[in-house]
Amino acid sequence: MDPASSQRTEEIVLLLTQHQESLFRYIFNLVTCEADARDILQETSLALCRKFDQYDSTRPFLPWAYRFAYLQVQKHREKSSRAPLMFSEDIIDMLALDMERMAPELDQRLQFLEGCLGKLNPKDKELVTNRYAMRQSAEEMMQRLSVSRRTLFRNLELLRVRLHDCVSQQLQSEGLV
Amino acid sequence: MNLELLIHAKLEGEITPEQHAELEDLLRGDCNARRLYLELADQHAHLLQRPTSNTSRLKPSSIVNRTVWWRNSTLIASAAAMILMAYVIWPQKHVDKEATSIGAAMLSQTLDAEFSQGTLHSGDTIAPGTITLNKGVAQIEFFSGATALIEGAAQIQIISAWEARCMSGRVRVHVPPAAKGFLMHAPDVKLEDLGTEFALNVNGKNSEVHVFDGEVIAHSKDKAPSSLKAGMSLSSTKGAVSPRDFLPIGEIQGLIRQREQTRFEAWKTWSMEARKDPRLIAYYPFNHLGDDKWDRMVNTVAEPAMNSRNGGAVGARWAQGRWPGKAALEFKRPGDRVRMNLDGTYAAVTFACWVKVDSVDKKYNSLLLTDGYESGEPHWQIYEDGSLMFSIGYTGPGEKRITAKTNQMYFSKPVFSADSLGRWHHIAVTYDNVSGTVLQYFDGKEVGREVSSLHQPGRPIVFGSCEFGNWGVSTQGHPFPIRTLNGAIDEFAIYQSALSAADIQTMFEQGKP
């Protein structure tokens, strides 16, 4: 590799690392399935890599990258078009538009989310650890917490609602809503 | 089904095709529905990506294993793509976010304290909010450096590391130079501390202040700020106040020491009796023996004496145990351990131990393990998720070693988390080879009960060479995995019987710090 291209490589690797979380969130919000989102993120990263010479580094990276992510989501949708549990095209378009508009607010919410996670009761904290950090399957969690499937999902639902409410409240008290 | 429920079902992949269509209709027609969806989905996506905070291994972020990726391998030719792969296959969830806390103070000491908020323990971090102390005494150390001693019944609002409000009760505050400017609010008065010690009594709408040392500026409504110097008092009522009306500090600290001493003595008395229990295989109270020139003896005191079961410390250093004057051994470095040799064959066992875990930072964190892992040898460890893990295995006919098919593993619920680290806890496990039931306890309460599907009644339990706090001695050229406990042990009892829940509860009650 010549020095110039190796510098370009460093640049893209850095950008991808830096924005990976945002890209993952963008894709996930459109497909709502973690495994699919990870696949699409990989395809997107590759596409960004291949087309990186077209990137104008004076402009923000994310809006440019979102376009690729959006295309990869569409591609994935066509491939699995028989899967009934994917959003239809018009919904994906609406969500993608809403998301770009809401980006600052969504980012702000995540800032508050950390504080809200700290305020959870020990039971909810355990649930966060099991479900998100350890990626335990529903079966594993049902066994370890000795609860029924129904109760487990109800508890997860309540956990997410509590977090969401807490974040909304914080936003309100900060006068951001 | 309402919108919120549909969104949650969608997030968990539990949605039916009919419900999915219903959700799409709602999203299509209403931008507020899409907003709610995006807020919840984004939160979910963030949690899936969130780096794990605090104690390295407690909440490891595992990666979803996908093999699909290799489909594309023909595309990957350049070194650039190889570097990139490292990032996409093993996403290093964000690189630079640190764990954060909103704590403003910590609860440093308590004496017979009872809080309305339920369980608050010494060492707990306190976030801004109101604390109601129904009875007893609590000492709060603000992160600014100010310290407040509070006597129940009292109600204190922690505003920040620099500011608090006393709604009712008696408080005594010490402010070192570094915390100069600390503010204490009381009804009708705001006290700005210029590096000093003062006390405050609040009763209904009346407040009384007395300055013991240094200077306090009192800001009252409708009055110019007044300076209170050492020995001066201020009262919102007409009555005279005397320094004796305020919370005395030396006395309280004396009481705290005295309480520790009483608990220590009570444990000693219990321990003298407990060592006569005929069910004991060995009982190590971790007494630091003054006459041990090598400083490495960890003796069993079970009666009658069984000197062959005495332990020897390797590396581990003596530290303070549950009380001042009570010793413990601290395990920190990869080599730290206590070696023992326990002879005999048993039909049941109980392990009970007082442990302070500082961090769960390895996949397996040793409590008691036999060297190797031969047929019938028990292992007791803390698993990376903070749960207690007991295991025992039996090799089948013709097999040389225990495999996944013969290894019986039992996990408790996770018990070590940020809230329980750095404090003394009682943990215990019981196992009998007839019923095969493994019961695990944390602070006297059951946290796990299980029988392995691999259990076959009547197989013997053996130990041989074993150790606390670590696992294994490397043989020439064969390295051993590092499983050192990161913490300290100050009592360990091993019984040849499955003790009852009541027995375990008693041990916890008698030994709690």
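This is a predicted model: local features need pLDDT of at least 70, side-chain atom pairs count only at pLDDT 80 or more; totals for chains, interfaces and linings use all residues.
**Helix against helix**

Helices here are DSSP runs of H or I with at least four residues, strands are runs of E with at least two, and both are numbered from the N terminus.

Next I listed who meets whom. From H7(A) come Arg160(A), Leu163(A) and His164(A); from H3(B) come Glu39(B), Leu40(B), Gln43(B) and His44(B). Contact means C-beta atoms, placed from the backbone, within 7 Å. I sorted the residues of this contact into 2 nonpolar, 3 polar and 2 charged. Ala, Val, Leu, Ile, Met, Phe, Trp, Tyr, Cys and Pro count as nonpolar, Asp, Glu, Lys and Arg as charged, and the others, Gly among them, as polar.

**Numbering and confidence**

Residues are numbered from 1 along each chain as its sequence is written, and chains are lettered from A and ligands numbered from 1 in the order written. Local features need pLDDT of at least 70 and side-chain atom pairs 80 or more, while totals for chains, interfaces and linings use all residues.

**Chain B sheet**

I counted 6 helices and 28 strands in chain B. One open sheet has 8 strands, in the order S14-S15-S18-S27-S20-S21-S22-S23, with antiparallel pairing. Pairing takes at least two DSSP bridges between two strands. Which strands are at the edges? They are S14 (297–298) and S23 (407–414) of chain B, and each pairs on one side only. S14(B) is joined to S15 (residues 311–314) of chain B by 2 bridges. Val298(B) has Gly311(B) in S15(B) as its bridge partner.

**Exposed or buried?**

I checked Arg257(B), which is found in helix H5 (residues 249–274) of chain B. It counts as exposed because it has 12 C-beta neighbours inside 10 Å (exposed is 12 or fewer, buried 20 or more, partly exposed in between, with C-beta atoms placed from the backbone). Of the 513 residues of chain B, 38% count as buried.

**Core**

The largest nonpolar core has 64 residues; Phe351(B) and Val429(B) are among those touching the most other members. Such a core is a set of buried Ala, Val, Leu, Ile, Met, Phe, Trp, Tyr and Cys residues joined through C-beta atoms within 7 Å.

Note on methods:
Two residues are in contact if their C-beta atoms, placed from the backbone, lie within 7 Å.
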